Amino acid sequence: MKKRYASTWESLKEHQVPQWYEDGKFGIFIHWGLYSVPAFAPQTWELGEVPPDETWFSNNPYAEWYYNSIHVGYGPSYDYHVKKYGKDFKYEQFADMWKAEKWNPAEWARLFKKAGAEYVVLTTKHHDGFCLFPSKYTDYNASKRGPQRDIVGDLTDAVRGENLRMGLYYSGIVDWTFADDPILNNDDLFHTASPTFAYADYAYNQSMELIDRYAPSVFWNDIGWPRQGEHNLPYLLSHYYNTVEDGVVNDRFNDLYYDFTTKEYQSGSANRREKWEMCRGMGLSFGYNAMESDDKIISIEDAISLLVSTVANNGNLLLNIGPRADGTIPEEQEKRLLAIGEWLGVNGEAIYGSRCSSRESIKYTDQIQVHFTERDGALYVLIDAKGKSQVSVTVPGLSGNAVPLDPKVEADTAKIDGGLRFTVKNFGDSQNVAVFRLNRIM
Ligand SMILES: CC(C)[C@@H]1NC[C@@H](O)[C@H](O)[C@@H]1O
(Lines give C-alpha, C1' and ligand atoms only; values in the text may rest on other atoms or scores of the structure.)
Protein backbone atom coordinates (compact mmCIF):
# COMPACT_ATOMS: atom_id res chain seq x y z
CA MET A 1 0.00 0.00 0.00
CA LYS A 2 1.51 3.31 -1.10
CA LYS A 3 2.02 5.71 1.84
CA ARG A 4 0.11 8.96 1.54
CA TYR A 5 1.61 12.12 3.04
CA ALA A 6 -0.53 14.86 4.55
CA SER A 7 0.52 18.48 4.07
CA THR A 8 1.90 18.75 7.60
CA TRP A 9 5.49 18.83 8.88
CA GLU A 10 4.64 15.87 11.14
CA SER A 11 3.58 13.73 8.18
CA LEU A 12 6.61 14.75 6.10
CA LYS A 13 8.94 13.75 8.94
CA GLU A 14 7.76 10.16 8.53
CA HIS A 15 9.54 10.09 5.16
CA GLN A 16 12.63 7.86 5.08
CA VAL A 17 15.64 8.36 2.81
CA PRO A 18 15.01 5.78 0.06
CA GLN A 19 17.42 2.91 -0.49
CA TRP A 20 18.36 4.06 -4.01
CA TYR A 21 19.78 7.33 -2.60
CA GLU A 22 21.59 5.54 0.24
CA ASP A 23 23.05 3.03 -2.26
CA GLY A 24 23.70 5.36 -5.19
CA LYS A 25 26.66 7.31 -3.73
CA PHE A 26 27.66 9.18 -6.91
CA GLY A 27 25.73 11.69 -8.99
CA ILE A 28 26.44 14.20 -11.73
CA PHE A 29 25.34 17.82 -11.27
CA ILE A 30 24.86 19.87 -14.44
CA HIS A 31 24.85 23.67 -14.58
CA TRP A 32 23.87 24.70 -18.09
CA GLY A 33 22.14 27.88 -19.22
CA LEU A 34 22.57 31.39 -20.58
CA TYR A 35 25.69 31.89 -18.45
CA SER A 36 27.33 29.11 -20.51
CA VAL A 37 27.52 31.59 -23.42
CA PRO A 38 29.91 34.14 -21.85
CA ALA A 39 31.44 31.29 -19.79
CA PHE A 40 33.56 33.65 -17.71
CA ALA A 41 34.48 34.18 -14.08
CA PRO A 42 37.69 35.10 -12.29
CA GLN A 43 39.47 32.12 -10.73
CA THR A 44 39.62 33.24 -7.14
CA TRP A 45 38.58 30.95 -4.27
CA GLU A 46 36.56 27.89 -3.32
CA LEU A 47 33.28 28.74 -1.58
CA GLY A 48 34.01 28.84 2.14
CA GLU A 49 37.67 29.74 1.70
CA VAL A 50 36.94 33.44 2.26
CA PRO A 51 33.97 35.18 3.90
CA PRO A 52 30.88 35.61 1.67
CA ASP A 53 31.27 39.41 1.60
CA GLU A 54 31.64 42.09 -1.06
CA THR A 55 35.12 40.85 -2.03
CA TRP A 56 33.70 37.37 -2.73
CA PHE A 57 30.61 38.60 -4.59
CA SER A 58 32.48 41.14 -6.76
CA ASN A 59 35.13 38.53 -7.64
CA ASN A 60 32.73 35.59 -7.80
CA PRO A 61 34.37 32.47 -9.30
CA TYR A 62 30.94 31.05 -10.17
CA ALA A 63 30.44 31.60 -13.93
CA GLU A 64 26.70 30.94 -13.42
CA TRP A 65 26.63 34.17 -11.37
CA TYR A 66 27.63 36.22 -14.44
CA TYR A 67 24.43 38.35 -14.35
CA ASN A 68 25.05 39.49 -10.78
CA SER A 69 28.79 39.82 -11.36
CA ILE A 70 28.24 42.30 -14.21
CA HIS A 71 25.29 43.95 -12.40
CA VAL A 72 27.58 44.88 -9.55
CA GLY A 73 29.11 47.36 -12.01
CA TYR A 74 32.76 46.70 -11.26
CA GLY A 75 35.22 43.79 -10.94
CA PRO A 76 36.76 41.23 -13.34
CA SER A 77 33.47 39.97 -14.85
CA TYR A 78 32.16 43.49 -15.40
CA ASP A 79 35.40 44.50 -17.10
CA TYR A 80 35.32 41.32 -19.23
CA HIS A 81 31.71 41.95 -20.24
CA VAL A 82 32.27 45.59 -21.26
CA LYS A 83 35.35 44.64 -23.25
CA LYS A 84 33.82 41.62 -25.01
CA TYR A 85 30.16 42.61 -25.41
CA GLY A 86 30.01 46.33 -24.67
CA LYS A 87 28.51 48.33 -21.83
CA ASP A 88 24.98 48.28 -23.28
CA PHE A 89 24.80 44.54 -23.99
CA LYS A 90 22.04 43.07 -21.86
CA TYR A 91 22.36 39.62 -20.27
CA GLU A 92 18.97 38.66 -21.74
CA GLN A 93 20.53 38.89 -25.23
CA PHE A 94 22.38 35.66 -24.44
CA ALA A 95 18.94 33.95 -24.66
CA ASP A 96 19.13 34.20 -28.44
CA MET A 97 22.82 33.28 -28.62
CA TRP A 98 22.48 29.99 -26.72
CA LYS A 99 21.79 27.39 -29.45
CA ALA A 100 22.94 24.05 -27.96
CA GLU A 101 23.55 23.17 -31.58
CA LYS A 102 25.80 20.18 -30.84
CA TRP A 103 23.78 18.81 -27.95
CA ASN A 104 23.10 15.08 -27.93
CA PRO A 105 21.36 14.16 -24.66
CA ALA A 106 21.75 10.43 -25.32
CA GLU A 107 25.53 10.95 -25.59
CA TRP A 108 25.56 12.77 -22.25
CA ALA A 109 23.54 9.99 -20.62
CA ARG A 110 25.92 7.34 -21.96
CA LEU A 111 28.88 9.25 -20.52
CA PHE A 112 27.19 9.55 -17.11
CA LYS A 113 26.55 5.81 -17.14
CA LYS A 114 30.19 5.11 -18.03
CA ALA A 115 31.22 7.45 -15.22
CA GLY A 116 29.47 5.16 -12.75
CA ALA A 117 26.92 7.77 -11.73
CA GLU A 118 23.62 6.54 -10.32
CA TYR A 119 21.78 9.87 -10.61
CA VAL A 120 21.91 13.19 -12.43
CA VAL A 121 20.71 16.64 -11.28
CA LEU A 122 20.13 19.35 -13.92
CA THR A 123 19.47 23.05 -13.38
CA THR A 124 15.92 23.82 -14.49
CA LYS A 125 16.06 27.51 -13.48
CA HIS A 126 19.16 29.07 -11.97
CA HIS A 127 19.31 32.49 -10.29
CA ASP A 128 19.06 34.27 -13.67
CA GLY A 129 15.46 33.04 -13.99
CA PHE A 130 15.90 31.48 -17.42
CA CYS A 131 14.01 28.15 -17.52
CA LEU A 132 15.30 25.08 -19.33
CA PHE A 133 11.74 23.71 -19.62
CA PRO A 134 8.50 24.98 -21.29
CA SER A 135 7.10 26.69 -18.19
CA LYS A 136 3.50 27.95 -18.34
CA TYR A 137 4.56 30.86 -16.13
CA THR A 138 7.20 32.54 -18.27
CA ASP A 139 8.27 32.70 -21.92
CA TYR A 140 11.85 33.28 -20.74
CA ASN A 141 12.56 29.63 -21.39
CA ALA A 142 14.52 27.31 -23.65
CA SER A 143 11.50 26.09 -25.58
CA LYS A 144 10.69 29.64 -26.70
CA ARG A 145 14.22 31.10 -26.91
CA GLY A 146 17.70 29.89 -27.86
CA PRO A 147 17.71 26.06 -28.07
CA GLN A 148 13.95 25.99 -28.80
CA ARG A 149 13.52 22.64 -27.02
CA ASP A 150 12.55 21.13 -23.68
CA ILE A 151 16.09 20.63 -22.35
CA VAL A 152 14.81 19.19 -19.07
CA GLY A 153 12.47 16.72 -20.75
CA ASP A 154 14.95 15.60 -23.39
CA LEU A 155 17.72 14.95 -20.84
CA THR A 156 15.30 13.29 -18.42
CA ASP A 157 14.27 10.82 -21.13
CA ALA A 158 17.90 10.10 -22.08
CA VAL A 159 19.05 9.66 -18.46
CA ARG A 160 16.18 7.34 -17.63
CA GLY A 161 16.95 5.48 -20.86
CA GLU A 162 20.27 4.54 -19.22
CA ASN A 163 18.45 3.46 -16.02
CA LEU A 164 19.82 6.39 -14.06
CA ARG A 165 17.76 8.54 -11.72
CA MET A 166 16.92 12.10 -12.84
CA GLY A 167 16.94 14.96 -10.36
CA LEU A 168 16.04 18.61 -10.86
CA TYR A 169 17.63 21.74 -9.42
CA TYR A 170 15.50 24.85 -8.82
CA SER A 171 16.69 28.25 -7.58
CA GLY A 172 13.96 28.77 -4.98
CA ILE A 173 14.62 32.10 -3.33
CA VAL A 174 16.77 33.90 -5.92
CA ASP A 175 15.36 34.93 -9.29
CA TRP A 176 16.89 38.00 -10.88
CA THR A 177 13.89 38.45 -13.22
CA PHE A 178 11.86 39.37 -10.09
CA ALA A 179 14.46 41.19 -7.96
CA ASP A 180 17.91 42.03 -9.21
CA ASP A 181 19.47 44.40 -6.69
CA PRO A 182 23.16 43.48 -6.82
CA ILE A 183 23.95 40.77 -4.27
CA LEU A 184 27.05 41.70 -2.30
CA ASN A 185 26.68 39.66 0.89
CA ASN A 186 24.69 36.79 2.41
CA ASP A 187 22.04 39.12 3.82
CA ASP A 188 21.27 40.18 0.23
CA LEU A 189 21.34 36.54 -0.84
CA PHE A 190 19.01 35.11 1.79
CA HIS A 191 16.82 38.04 2.77
CA THR A 192 16.33 40.64 0.07
CA ALA A 193 16.33 38.48 -3.05
CA SER A 194 12.80 38.09 -4.50
CA PRO A 195 10.89 39.47 -1.47
CA THR A 196 7.35 39.49 -2.94
CA PHE A 197 4.30 37.25 -2.47
CA ALA A 198 3.99 37.23 -6.26
CA TYR A 199 7.39 35.58 -6.55
CA ALA A 200 6.59 33.10 -3.79
CA ASP A 201 3.54 31.97 -5.79
CA TYR A 202 5.65 31.83 -8.95
CA ALA A 203 8.26 29.59 -7.30
CA TYR A 204 5.52 27.36 -5.86
CA ASN A 205 3.72 27.08 -9.22
CA GLN A 206 6.91 26.31 -11.15
CA SER A 207 7.97 23.70 -8.59
CA MET A 208 4.57 22.02 -8.92
CA GLU A 209 5.01 22.19 -12.70
CA LEU A 210 8.39 20.43 -12.47
CA ILE A 211 7.04 17.74 -10.14
CA ASP A 212 3.99 17.04 -12.29
CA ARG A 213 5.83 17.10 -15.65
CA TYR A 214 8.98 15.19 -14.76
CA ALA A 215 8.48 13.37 -11.40
CA PRO A 216 12.14 13.96 -10.47
CA SER A 217 13.87 11.54 -8.08
CA VAL A 218 15.65 14.51 -6.46
CA PHE A 219 14.17 17.97 -5.88
CA TRP A 220 17.30 20.05 -5.31
CA ASN A 221 16.20 23.47 -4.13
CA ASP A 222 18.90 26.11 -3.85
CA ILE A 223 19.77 28.89 -1.41
CA GLY A 224 16.34 28.93 0.30
CA TRP A 225 12.59 29.14 -0.14
CA PRO A 226 10.66 32.44 -0.41
CA ARG A 227 9.73 33.41 3.14
CA GLN A 228 6.35 34.62 1.90
CA GLY A 229 5.73 31.05 0.71
CA GLU A 230 6.95 28.99 3.66
CA HIS A 231 3.34 28.15 4.59
CA ASN A 232 2.98 26.42 1.18
CA LEU A 233 5.96 24.11 1.74
CA PRO A 234 4.19 21.28 3.59
CA TYR A 235 1.72 21.02 0.71
CA LEU A 236 4.43 21.26 -1.99
CA LEU A 237 6.60 18.62 -0.32
CA SER A 238 3.72 16.24 0.48
CA HIS A 239 2.58 16.60 -3.13
CA TYR A 240 6.14 15.78 -4.19
CA TYR A 241 6.32 12.62 -2.05
CA ASN A 242 2.79 11.57 -3.06
CA THR A 243 3.91 11.97 -6.69
CA VAL A 244 7.43 10.54 -6.31
CA GLU A 245 7.27 8.05 -3.43
CA ASP A 246 11.05 7.47 -3.37
CA GLY A 247 11.97 11.09 -4.03
CA VAL A 248 14.42 13.07 -1.90
CA VAL A 249 14.85 16.76 -1.10
CA ASN A 250 17.87 18.63 0.23
CA ASP A 251 18.26 20.99 3.19
CA ARG A 252 17.90 24.34 1.41
CA PHE A 253 14.30 25.07 2.44
CA ASN A 254 15.21 27.63 5.14
CA ASP A 255 16.31 24.79 7.46
CA LEU A 256 12.67 23.73 7.84
CA TYR A 257 13.00 20.18 6.48
CA TYR A 258 15.29 17.81 4.58
CA ASP A 259 16.10 14.24 3.59
CA PHE A 260 19.80 15.03 3.24
CA THR A 261 22.07 17.91 4.18
CA THR A 262 24.42 19.58 1.71
CA LYS A 263 28.04 20.70 1.59
CA GLU A 264 29.24 22.99 -1.18
CA TYR A 265 33.04 23.08 -1.56
CA GLN A 266 34.27 24.11 1.91
CA SER A 267 30.92 25.53 2.96
CA GLY A 268 28.39 23.62 5.04
CA SER A 269 28.78 20.76 7.50
CA ALA A 270 28.49 16.97 7.37
CA ASN A 271 27.36 14.72 10.19
CA ARG A 272 28.17 11.08 9.46
CA ARG A 273 25.15 9.98 11.54
CA GLU A 274 22.77 11.31 8.90
CA LYS A 275 22.68 11.34 5.11
CA TRP A 276 24.50 14.22 3.42
CA GLU A 277 25.74 15.18 -0.03
CA MET A 278 28.99 16.85 -1.10
CA CYS A 279 28.79 18.96 -4.24
CA ARG A 280 31.38 20.97 -6.12
CA GLY A 281 32.41 21.92 -9.63
CA MET A 282 35.46 20.38 -11.24
CA GLY A 283 37.13 23.79 -10.95
CA LEU A 284 35.97 26.78 -8.89
CA SER A 285 32.75 27.21 -10.88
CA PHE A 286 29.58 25.23 -11.60
CA GLY A 287 28.78 26.92 -14.90
CA TYR A 288 31.35 26.41 -17.65
CA ASN A 289 34.29 28.80 -17.28
CA ALA A 290 36.37 28.81 -20.46
CA MET A 291 39.36 29.96 -18.38
CA GLU A 292 39.34 26.68 -16.37
CA SER A 293 41.80 24.55 -18.34
CA ASP A 294 42.86 21.00 -17.44
CA ASP A 295 45.56 22.21 -15.05
CA LYS A 296 43.07 24.40 -13.19
CA ILE A 297 40.49 21.75 -12.23
CA ILE A 298 40.42 18.91 -9.72
CA SER A 299 42.85 16.08 -10.49
CA ILE A 300 41.61 12.55 -11.11
CA GLU A 301 43.31 11.43 -7.90
CA ASP A 302 41.68 14.18 -5.85
CA ALA A 303 38.27 13.44 -7.37
CA ILE A 304 38.57 9.77 -6.39
CA SER A 305 39.84 10.75 -2.93
CA LEU A 306 36.82 13.03 -2.52
CA LEU A 307 34.40 10.28 -3.59
CA VAL A 308 35.95 7.74 -1.18
CA SER A 309 36.19 10.07 1.83
CA THR A 310 32.62 11.30 1.23
CA VAL A 311 31.09 7.82 0.92
CA ALA A 312 33.04 6.47 3.92
CA ASN A 313 31.47 9.23 6.01
CA ASN A 314 27.86 8.56 4.97
CA GLY A 315 27.74 11.06 2.09
CA ASN A 316 27.04 11.05 -1.63
CA LEU A 317 29.24 12.94 -4.06
CA LEU A 318 27.36 15.12 -6.57
CA LEU A 319 30.17 16.19 -8.91
CA ASN A 320 29.27 19.00 -11.30
CA ILE A 321 29.97 19.38 -15.00
CA GLY A 322 29.65 22.71 -16.81
CA PRO A 323 28.90 21.99 -20.49
CA ARG A 324 29.76 24.51 -23.20
CA ALA A 325 26.86 26.53 -24.71
CA ASP A 326 26.95 24.32 -27.83
CA GLY A 327 26.16 21.21 -25.79
CA THR A 328 29.61 19.64 -25.79
CA ILE A 329 31.28 18.59 -22.54
CA PRO A 330 34.85 19.92 -22.18
CA GLU A 331 37.37 17.12 -22.72
CA GLU A 332 39.07 17.72 -19.37
CA GLN A 333 35.77 17.19 -17.56
CA GLU A 334 34.93 14.07 -19.58
CA LYS A 335 38.39 12.65 -18.78
CA ARG A 336 37.69 12.87 -15.05
CA LEU A 337 34.26 11.29 -15.33
CA LEU A 338 35.66 8.35 -17.31
CA ALA A 339 38.52 7.86 -14.83
CA ILE A 340 36.08 7.79 -11.90
CA GLY A 341 33.99 5.27 -13.84
CA GLU A 342 37.04 3.06 -14.41
CA TRP A 343 37.96 3.20 -10.71
CA LEU A 344 34.37 2.33 -9.75
CA GLY A 345 34.38 -0.47 -12.31
CA VAL A 346 37.18 -2.13 -10.32
CA ASN A 347 36.35 -1.00 -6.74
CA GLY A 348 32.63 -0.20 -6.83
CA GLU A 349 31.83 -3.18 -4.57
CA ALA A 350 33.15 -1.09 -1.64
CA ILE A 351 31.08 1.94 -2.69
CA TYR A 352 27.65 1.13 -4.16
CA GLY A 353 25.21 -0.24 -1.60
CA SER A 354 27.81 0.12 1.17
CA ARG A 355 27.11 1.74 4.47
CA CYS A 356 29.15 3.93 6.76
CA SER A 357 31.35 1.85 9.08
CA SER A 358 31.48 2.39 12.84
CA ARG A 359 35.22 2.72 12.17
CA GLU A 360 36.06 6.36 11.50
CA SER A 361 38.57 7.34 8.81
CA ILE A 362 42.23 7.54 9.87
CA LYS A 363 44.62 10.29 8.73
CA TYR A 364 48.30 9.42 9.16
CA THR A 365 51.04 11.98 9.71
CA ASP A 366 52.24 11.63 6.10
CA GLN A 367 48.73 12.55 4.88
CA ILE A 368 47.92 8.96 3.87
CA GLN A 369 44.28 8.24 4.73
CA VAL A 370 42.45 4.98 5.41
CA HIS A 371 38.66 4.87 5.08
CA PHE A 372 36.19 2.08 5.85
CA THR A 373 32.87 0.97 4.43
CA GLU A 374 30.75 -2.08 5.16
CA ARG A 375 28.49 -4.22 3.00
CA ASP A 376 26.95 -7.70 3.30
CA GLY A 377 29.03 -8.62 6.34
CA ALA A 378 32.33 -7.53 4.78
CA LEU A 379 34.54 -4.66 5.87
CA TYR A 380 36.31 -2.68 3.13
CA VAL A 381 39.59 -0.88 3.81
CA LEU A 382 40.25 1.95 1.35
CA ILE A 383 43.85 3.18 1.45
CA ASP A 384 44.39 6.60 -0.12
CA ALA A 385 48.06 7.10 -0.96
CA LYS A 386 47.63 10.84 -1.50
CA GLY A 387 50.06 10.88 -4.39
CA LYS A 388 52.63 8.39 -3.04
CA SER A 389 53.51 5.45 -5.31
CA GLN A 390 53.97 2.99 -2.42
CA VAL A 391 52.50 3.05 1.10
CA SER A 392 52.82 1.07 4.29
CA VAL A 393 50.25 1.62 7.04
CA THR A 394 49.11 -0.25 10.12
CA VAL A 395 45.39 -0.26 10.78
CA PRO A 396 44.72 -0.95 14.46
CA GLY A 397 42.20 -3.51 15.63
CA LEU A 398 41.95 -5.40 12.34
CA SER A 399 42.61 -9.05 11.68
CA GLY A 400 41.73 -11.56 9.00
CA ASN A 401 42.55 -12.04 5.35
CA ALA A 402 42.56 -8.76 3.38
CA VAL A 403 42.07 -9.24 -0.36
CA PRO A 404 42.57 -6.36 -2.86
CA LEU A 405 39.54 -5.83 -5.12
CA ASP A 406 41.87 -4.83 -7.98
CA PRO A 407 43.81 -7.94 -9.06
CA LYS A 408 46.56 -5.65 -10.35
CA VAL A 409 47.20 -4.19 -6.88
CA GLU A 410 50.46 -5.62 -5.49
CA ALA A 411 50.26 -5.63 -1.71
CA ASP A 412 51.26 -7.57 1.39
CA THR A 413 49.38 -7.64 4.68
CA ALA A 414 50.76 -8.81 8.02
CA LYS A 415 49.44 -9.08 11.58
CA ILE A 416 51.37 -6.54 13.66
CA ASP A 417 50.90 -4.69 16.97
CA GLY A 418 47.26 -5.78 17.29
CA GLY A 419 46.40 -4.63 13.82
CA LEU A 420 46.98 -5.31 10.15
CA ARG A 421 49.90 -3.76 8.32
CA PHE A 422 49.21 -3.04 4.64
CA THR A 423 52.16 -2.56 2.30
CA VAL A 424 51.02 -1.49 -1.18
CA LYS A 425 53.75 -1.58 -3.82
CA ASN A 426 51.58 -1.05 -6.90
CA PHE A 427 48.12 0.52 -7.16
CA GLY A 428 47.28 -1.26 -10.41
CA ASP A 429 44.21 0.30 -12.08
CA SER A 430 43.12 1.97 -8.86
CA GLN A 431 44.78 5.35 -9.30
CA ASN A 432 45.66 6.40 -5.73
CA VAL A 433 43.14 4.40 -3.68
CA ALA A 434 43.65 0.67 -3.18
CA VAL A 435 40.67 -1.20 -1.70
CA PHE A 436 40.78 -4.41 0.37
CA ARG A 437 37.94 -6.64 1.46
CA LEU A 438 37.97 -8.34 4.86
CA ASN A 439 35.29 -11.01 4.89
CA ARG A 440 34.72 -10.84 8.64
CA ILE A 441 33.92 -7.51 10.30
CA MET A 442 36.38 -7.22 13.20
C1 LIG B 1 25.84 23.84 -5.11
C2 LIG B 1 25.38 24.58 -6.36
C3 LIG B 1 23.99 24.18 -6.64
C4 LIG B 1 25.55 26.07 -6.12
N5 LIG B 1 24.58 26.55 -5.18
C6 LIG B 1 24.67 27.97 -4.87
C7 LIG B 1 24.58 28.80 -6.17
O8 LIG B 1 24.71 30.17 -5.88
C9 LIG B 1 25.66 28.36 -7.10
O10 LIG B 1 25.61 29.13 -8.29
C11 LIG B 1 25.49 26.89 -7.44
O12 LIG B 1 24.28 26.70 -8.11
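Because the structure is a predicted model, local features are reported only at pLDDT of at least 70 and side-chain atom pairs only at pLDDT 80 or more, whereas totals for chains, interfaces and linings use all residues. Residues are numbered from 1 along each chain as its sequence is written, and side-chain values use heavy atoms, with hydrogens and water left out. Helices (DSSP runs of H or I, at least four residues) and strands (runs of E, at least two) are numbered from the N terminus.

An unreviewed UniProt entry lists residues 2–349 as "domain: Glycoside hydrolase family 29 N-terminal"; UniProt positions are given here in the numbering of the model, feature names are shortened, and such annotations may be inferred rather than shown by experiment. In the model, the span 2–349 is 34% helix and 12% strand, and its end C-alpha atoms lie 31 Å apart.

Grid points are joined across faces, edges and corners, and a volume is the space filled by probe spheres set on the points. The largest pocket holds about 690 Å³ of space. Its lining comprises 34 residues, with Phe-190, Ile-223, Arg-252, Glu-264 and Ser-267 nearest the centre. Two or more lining residues come from each of α3 (54–58), α8 (186–192), β4 (218–222) and β6 (261–264), and the greatest contribution is that of α8, with 3 residues. Divided by class (Ala, Val, Leu, Ile, Met, Phe, Trp, Tyr, Cys and Pro as nonpolar, Asp, Glu, Lys and Arg as charged, and the others, Gly among them, as polar), the lining of the largest pocket has 16 nonpolar, 11 polar and 7 charged residues.

The second largest pocket holds about 220 Å³. Residues that line this pocket include Tyr-67, Ile-70, His-71, Tyr-78 and His-81, together with Lys-87, Phe-89, Tyr-91 and Glu-92, and the elements giving two or more residues to the lining are α4 (66–71) and α5 (76–84). The class division in this lining is 6 nonpolar, 2 polar and 3 charged.

The structure also holds 2 cavities of 30 Å³ or more. The largest cavity has a volume of about 110 Å³, and of the 14 residues in its lining, Met-282, Gly-283, Glu-292, Ile-297 and Gln-333 are the closest to its centre. At least two lining residues are supplied by each of β8 (315–321) and α12 (331–347), and the lining of the largest cavity consists of 5 nonpolar, 7 polar and 2 charged residues. The second largest cavity, with a volume of about 30 Å³, is lined by Tyr-67, Tyr-91, Glu-92, Asp-128, Tyr-140, Trp-176 and Thr-177; by class, these residues are 4 nonpolar, 1 polar and 2 charged.

A pair of aromatic rings is described by the distance of the centres and the angle of the planes. With rings of Phe, Tyr and Trp (its six-membered ring) taken as paired if their centres lie within 6.5 Å, and with planes under 30 degrees apart counted as stacked, over 60 as edge-to-face and the rest as tilted, the structure holds 41 aromatic pairs. Trp-20 and Tyr-119 form an edge-to-face pair, at 5.6 Å centre to centre and 80° between the planes. Trp-20 belongs to helix α2 (residues 19–24) and Tyr-119 to strand β2 (residues 119–125), so this pair ties together parts 99 residues apart in sequence. Both Trp-20 and Tyr-119 are buried, a term that denotes under 20% relative accessible area, as against over 50% for exposed and values in between for partly exposed (1.4 Å probe, protein chains only).

The pair of Tyr-62 and Phe-286 is likewise edge-to-face, because the ring centres are 5.2 Å apart and the planes stand at 75°. Tyr-62 is buried at a relative accessible area of 6%, as is Phe-286 at 4%. One aromatic cluster is formed by Phe-57, Trp-65, Tyr-66, Tyr-67, Tyr-85, Phe-89, Tyr-91, Phe-94 and Trp-176.

Val-409 is found in the loop between β14 (402–404) and β15 (410–416) and counts as buried, with 7% relative accessibility. Apart from neighbours within four places in sequence, Val-409 is in contact (heavy atoms within 4.5 Å) with Pro-404, Val-424, Asn-426, Phe-427, Gly-428, Ser-430, Ala-434 and Phe-436.

Methods: On a 1 Å grid over the protein atoms alone, a cavity is a set of points where a 1.4 Å probe fits but cannot get out, and a pocket is an open set with protein on both sides within 12 Å along at least five of seven lines; lining residues have an atom within 4 Å of a point.
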